[in-house]
Amino acid sequence: LLISAIFDRNFISSAQLRFSAEEHGVPRLTPAQTEALDALEALCDDPRLRLDMRLAPGDIQWLHNHVTFHARSAYSDQGPELSRRHLLRLWITPPNARPLPPIFSERFGTTQAGPGRGGIRVEGQTPYCALEPGM
């Protein structure tokens, strides 16, 4: 059994506040759904089940976005400019990756493996990634 998931409670809460069931077709969460989300959040926050880590300069963290719940804690860029964080994100979908469930196509356009799945693309913009801060 393969499980794929994306969970960000902020997205769910924002949709509940911003959109109505009548006008936008966004149903209100039932008490059972809210309880289930609370339980999932409690599991994610359980120190016995989560891994907290601090990245140092040169560290790389690899995660599979669809099978690993992950988040970043607050960060403040203090000190000289050269000591500030330089975080790069790379979306990789290997050709032999497993397809995602059909519901994921709403977010990613396609569920099939390959370079067209995920990432951020802006029409007319050439992808560019500065490998050094300030470039």
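Leucine 37 is found in helix H3; helices here are DSSP runs of H or I of at least four residues, strands are runs of E of at least two, and both are numbered from the N terminus. The structure is a predicted model, in which local features need pLDDT of at least 70 and side-chain atom pairs count only at pLDDT 80 or more, while totals for chains, interfaces and linings use all residues. Residues are numbered from 1 along each chain as its sequence is written, and side-chain values use heavy atoms, with hydrogens and water left out.

**Confidence**

The pLDDT is the predictor's confidence in each residue, from 0 to 100. The protein averages 83, and 90% of the residues score at least 70. Among the elements, helix H3 (residues 31–45) has the highest mean pLDDT, 95. The lowest mean, 80, belongs to helix H4 (residues 105–108).

With a relative accessible area of 14%, leucine 37 is buried (buried means under 20% relative accessible area, exposed over 50%, partly exposed in between, with a 1.4 Å probe and protein chains only). Not counting residues up to four places away in sequence, leucine 37 touches Phe7, Arg9, Ile12 and Leu29, where contact means heavy atoms within 4.5 Å.

Phenylalanine 7 also takes part in an aromatic pair, with phenylalanine 69. Rings of Phe, Tyr and Trp (its six-membered ring) pair if their centres lie within 6.5 Å; planes under 30 degrees apart count as stacked, over 60 as edge-to-face and the rest as tilted. By this rule the count comes to one aromatic pair. The pair of phenylalanine 7 and phenylalanine 69 is tilted, at 5.9 Å centre to centre and 50 degrees between the planes. Phenylalanine 7 lies in the segment before helix H1 (9–18) and phenylalanine 69 in the loop between H3 and H4, so the pair ties together parts that are 62 residues apart in sequence. Phenylalanine 7 is partly exposed at 21% relative accessibility, and phenylalanine 69 is partly exposed at 38%.

Histidine 66 is found in the loop between H3 and H4 and counts as buried at 11% relative accessibility. Leaving aside neighbours within four places in sequence, histidine 66 is in contact with Ile3, Ser4, Ala5, Ile6, Leu100, Phe104 and Phe108.

The second largest pocket is lined by Ala5, Ile6, Ile103, Phe104, Glu106 and Arg107. A pocket is found on a 1 Å grid over the protein atoms alone, as an open set of points with protein on both sides within 12 Å along at least five of seven lines; lining residues have an atom within 4 Å of a point. The space in this pocket is about 260 Å³, taken as the space filled by probe spheres set on the points, which are joined across faces, edges and corners. Its lining has four nonpolar, no polar and two charged residues; Ala, Val, Leu, Ile, Met, Phe, Trp, Tyr, Cys and Pro count as nonpolar, Asp, Glu, Lys and Arg as charged, and the others, Gly among them, as polar.

**The segment after H4**

Threonine 111 lies in the segment after H4 and is buried, with a relative accessible area of 11%. Its contacts, not counting residues up to four places away in sequence, are Pro99, Leu100, Pro101, Pro102, Phe104, Ser105 and Arg117.

Alanine 130 is buried at 13% relative accessible area, whereas glutamate 132 is partly exposed at 49%.

**Separations in sequence and space**

| Pair | Apart in sequence | C-alpha to C-alpha |
|---|---|---|
| Leucine 37 and valine 26 | 11 residues | 17 Å |
| Histidine 66 and aspartate 77 | 11 residues | 29 Å |
| Alanine 130 and histidine 86 | 44 residues | 9.5 Å |
| Glutamate 132 and histidine 86 | 46 residues | 7.8 Å |

Technical notes:
On a 1 Å grid over the protein atoms alone, a cavity is a set of points where a 1.4 Å probe fits but cannot get out, and a pocket is an open set with protein on both sides within 12 Å along at least five of seven lines; lining residues have an atom within 4 Å of a point.
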